[in-house]
Amino acid sequence: MESIHSQTKTDIIVDPLLQKPWIPDAEEEESRSYHRFLSEFKNKQSSVKKKDSFGRNYLVSPSGKIRFLIDDEYRKEFPAQREADIAAKELEVLYEVRKEKEVVFLGKGIHLCYRLKKEKDPGFFPEWLIRSNEMTNKAANEWSDQTIPLDLVSEPYGCYVDEISPMDFLYLESESFRYRLKIPSSLRYEGLFGNRLGIYGENHDTIYRIVRFVKFLSNYLPAGQTEWDEALKLQTSGKKKKTLPKIILSIGSSFDKVRPLRNPKNYFVFWDSVRSLSKSQMRMLQFKRTEVNGGYLSEWVEVDEIGNSIPMEMMEYYVYNAPRGYFLSLSYPKREKELATTYWNTIRTSFEVKD
């Protein structure tokens, strides 16, 4: 694997199909995409504002042309496979306003939507993909003079896919660390909000990255405690509010730049160090780790802002195949174990690493 710093910018999207002639089935698909708007607005004399699945605005003209709006209601999102044609219009506007890193992040996600669709429909090759790929590659080249590695701000990228219900799963990939997995869409990527890019580090031995996905849970009152009791304790302690409990998925990736530094049995020690989980910290948290089903189950106790003890668990899975290594962890209040187990089964079984 190449260093994130040294990776070339010209090979961000490599699609041999771009060199092939037009496929008739794709022309039909593109026509359907166009006519779903044209039939709805053919009797209107001006553009109509519509919303995508995330509640963001775009305009549809009487002729069926789409113009995405970067307005006060706009926010960064992974693309949805069923609206990939609209996402391609979003990408065009982001490119116009010089949002190169957002273009590459979205463009990689759109290309993933295409590849996931093509796995089930080999003839699928829409016209909007060509333009999307072109602008993604241009934006990647134009980022080359920036000091922040493009991979850091554009990965992991993903695509929401309908399986049981609309957009119920997010397929997630990293091109630089070469993994793919599927996660429930209720876990939200922190990188969608501000500059929360997780943990990134590089030294003379190793490159590593941790990204997090979070689901915030409703407030929890221990038995016998009322909201009034909680409010009084908060006031007494000088706190304004409690931090909401949450389920956190962490995805870690590492690459050894020198000879293999670890082995599969002690690889978790490296990530404990990165996460500042020292022996003294473990003692303070009453941290206990048990080997279970090829992974680990860790338990500890947290104390919230008003002194309530919260039993916690974390399911962990580590893979080390030098020079690459990976870890997955899902932490949660112990009372949420049933939901967390459902999440973990999807995450763990779908995780795969490319050669």
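**Exercise 1.** Is the crossing of H2 and H3 left-handed or right-handed?

*Basis.* This is a predicted model, in which local features need pLDDT of at least 70 and side-chain atom pairs count only at pLDDT 80 or more, while totals for chains, interfaces and linings use all residues. Residues are numbered from 1 along each chain as its sequence is written, and side-chain values use heavy atoms, with hydrogens and water left out.

*Solution.* Begin with the elements: helix H2 covers residues 84-96 and helix H3 residues 100-120; helices (H or I, at least four residues) and strands (E, at least two) are DSSP runs, numbered from the N terminus. Next, take the geometry: the two helices pack at an angle of about 160 degrees, with their axes 10 Å apart. Axes are lines fitted to C-alpha atoms, for helices over the stretch in contact, and angles run from 0 to 180 degrees between N-to-C directions. This makes H2 roughly antiparallel to H3, a term for angles over 145 degrees. Finally, the crossing is left-handed: the near helix is turned anticlockwise from the far one by less than a right angle.

**Exercise 2.** Determine which residues of H2 and H3 meet, and classify them.

*Solution.* Contact means heavy atoms within 4.5 Å. On the H2 side, the residues are Ala84, Ala87, Ala88, Glu90, Leu91, Leu94 and Tyr95. On the H3 side, they are Glu102, Val103, Leu106, Gly107, Ile110 and Cys113. These divide into 10 nonpolar, 1 polar and 2 charged, where Ala, Val, Leu, Ile, Met, Phe, Trp, Tyr, Cys and Pro count as nonpolar, Asp, Glu, Lys and Arg as charged, and the others, Gly among them, as polar.

**Exercise 3.** Locate the disulfide and state its handedness.

*Solution.* The structure holds 1 disulfide, defined as a pair of cysteine sulfur atoms within 2.5 Å. Cysteine 113 and cysteine 159 form it, their sulfur atoms 2.1 Å apart. Because cysteine 113 lies in helix H3 and cysteine 159 in strand E4 (residues 157-161), the pair ties together parts 46 residues apart in sequence. The torsion about the S-S bond is about 110 degrees, so the disulfide is right-handed. Cysteine 113 is buried at 2% relative accessible area, and cysteine 159 is buried at 0%.

Terms used
Parallel < 35°, antiparallel > 145°, perpendicular 65-115°, else oblique. Buried < 20%, exposed > 50% of the residue type's maximum accessible area, 1.4 Å probe, protein only.
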